[in-house]
Amino acid sequence: MILQGEIVDIPYIVIDQLTPDQQQVWKTYFGDADRPRYIEEGIWRRTQEKATADQSGWTAADDARRRIIHYRYRYGLVPTTAAPAIGLTDLYLYHSATAPADEIDAHHDALWDSLATGGWKEAPGGFLWTRRDLKCRITEHGVHPQDAAAGRTLPVGYRSLDVQIASVSYAPPPAVRQLLWNVLSTGIRCKDRPGTPTRVPDLSVLADLLPFQVEIGCGTSVEAGIPPLHRLHEIYRVTDRQGHEPREHRFTLSPTADTLLHEVLTEPEEKTAEFVEMFRACFLAEPTPAMWALKELKDAGHLVGPVITNNFDVLAARAGLDECFMRRYDQAVPDVEWVDGAKALLVVGLHADRRKVQARARARGMQVIYLDPEGFWHDGQFMPYPLEGPQDGDMVCRATAAESLPALVNLLNQRPG
């Protein structure tokens, strides 16, 4: 393992000296998987406009700051003198800031200071810097080519500055470079207005709604010890997280208040360790009692179809369940494998951004039931985090998967016949 203070070498060792069981997990669920689970990818787009005023600080038409981030990491087995390790073999981080000229000028100067502090070496031409196995390219635009191509018009005096940090040997193909701009063109995510669902004390209502399908979010991952997704928001400085209430967090938009690039350029060793946190936690996690309960429900015929999942932790697959993976950037609404005759969709620990599956279940006449505590514990205090998606006619059980799914198994096992 690379220790704090050492130089970042690629491959960067994430998990050293794999056990035989871990090698088999890699081969079965990552290396030879049906989708590239050895790729970790994320995109954030934050724009300042009237529809986002509460979090972006928009007040007038000349408020049009924008911050977009795309990261894409590839992992692979790395031979060592003993057992193989898992290493980060390709690193790609793209950061684009658009703001008034004075903020971009200050951003530019801060980047140069960070490059000097971090010991980066400038290549001829002044746009490329290197630091051991990493490279950094900086490009400034009066009018961003992507805005020109899309016909987007920004206020007078706005400029953009793009920073690409990657492993030296990695050259992102055009499709990778274009992906986040395709996502940006789909517009902002409009929040649902919650309806008035029925509150239920447990999942016993499912006994009369068999068979059912299931969609799971990060709630089951958190129960397995994987950091919640807001940890990624912290790592990539997506929001100003001064308070604990998620819906009050403000977007990080002004480049003068954005510390991400400074952290990467001045302390790439420490930041790389943060970048690989989520993948490492996902690989080391084990299926939970909730996952094994889903497997029992599947084996009994109560649960049908694949687990519709937004998670990249592979825990459902490792519990022996088929997965229908939804967290994709190349499809606005990925295909869902619906099963004729399924009477309900159980939505477990899923917030905000994947509501179209539930809408399609309603359109099929399925009962939608949410299982979510609607909050989380922080420093010994329960912080409310209300669900956004439930509509009139839906049901909500405010409990955890860990307690509710095994209880459902026991209930159904006790039924006559």
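Q: What makes helix α11 (residues 289–299) roughly parallel to helix α14 (residues 401–413), given that their axes come within 8 Å and cross at roughly 30°?
A: Angles under 35 degrees count as roughly parallel, with axes fitted to C-alpha atoms over the stretch in contact and angles running from 0 to 180 degrees between N-to-C directions. The α11/α14 crossing is roughly 30°, so this pair gets that label. This is a predicted model, where local features need pLDDT of at least 70 and side-chain atom pairs count only at pLDDT 80 or more. Residues are numbered from 1 along each chain, and side-chain values use heavy atoms, leaving out hydrogens and water.

Q: Which residues of α11 and α14 meet?
A: Contact means heavy atoms within 4.5 Å. On the α11 side you'll find, among them, Ala290, Leu294 and Leu297, and on the α14 side, among them, Leu405, Val409 and Leu412. By class, this contact has 12 nonpolar, one polar and one charged residues.

Q: Why is α1 (residues 20–31) called roughly perpendicular to α10 (residues 277–284)?
A: The roughly perpendicular range is 65 to 115 degrees. These axes come within 11 Å and cross at roughly 105°, so α1 counts as roughly perpendicular to α10. Here Gln22, Val25, Trp26 and Phe30 in α1 meet Phe279, Phe283 and Leu284 in α10.

Terms used:
Helix = DSSP H or I, 4+ residues; strand = E, 2+ residues; numbered from the N terminus. Parallel < 35°, antiparallel > 145°, perpendicular 65-115°, else oblique. Nonpolar A, V, L, I, M, F, W, Y, C, P; charged D, E, K, R; others polar.
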